[in-house]
Amino acid sequence: MKKSPIAGICMLCNDPNPNPEHTTMGVSFFDTCWDVMKSGDEDKLGERIVWDK
């Protein structure tokens with residue numbers, strides 16, 4: 001599965017208000033997603049992802 005970044009939307013949860021401070025390489029993340037991603041908890045990260053399969 002592939003997902004392309006969309007400006008102004010969290011890459012993981014599709015929240016339309018990602019934190020501009022949590023943008024890297026053109027990909028933005030909502031605060032909670034950023035924290036979960038940094039923690040390395042793959043189970044919690046999987047709960048945040050809302051991509052279509």
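User: Which residues does His 22 touch, not counting residues up to four places away in sequence?

Analyst: His 22 touches Val 27, Ser 28, Phe 29, Asp 31 and Trp 34, where contact means heavy atoms within 4.5 Å. This is a predicted model, in which local features need pLDDT of at least 70, side-chain atom pairs count only at pLDDT 80 or more, and totals for chains, interfaces and linings use all residues. Residues are numbered from 1 along each chain as its sequence is written, and side-chain values use heavy atoms, with hydrogens and water left out.

User: Why is His 22 called buried?

Analyst: Its relative accessibility is 13%. Buried means under 20% relative accessible area, exposed over 50%, and partly exposed in between, with a 1.4 Å probe and protein chains only. His 22 therefore counts as buried.

User: What makes the link between the side chains of His 22 and Asp 31 a polar contact?

Analyst: The contact is 3.2 Å. The term covers a pair of N or O atoms within 3.5 Å; within protein, one must be able to donate a hydrogen and the other to accept it, and residues adjacent in sequence count only if both atoms are side-chain atoms. The pair of His 22 and Asp 31 is therefore listed as a polar contact.

User: How do you know that β1 and β2 pair?

Analyst: Strand β1 (residues 19-24) and β2 have 3 bridges in the antiparallel sense. Two strands pair if DSSP finds at least two bridges between them, so these strands qualify. Strands (E, at least two residues) and helices (H or I, at least four) are DSSP runs, numbered from the N terminus. Asn 19 has Phe 29 in β2 as its bridge partner.
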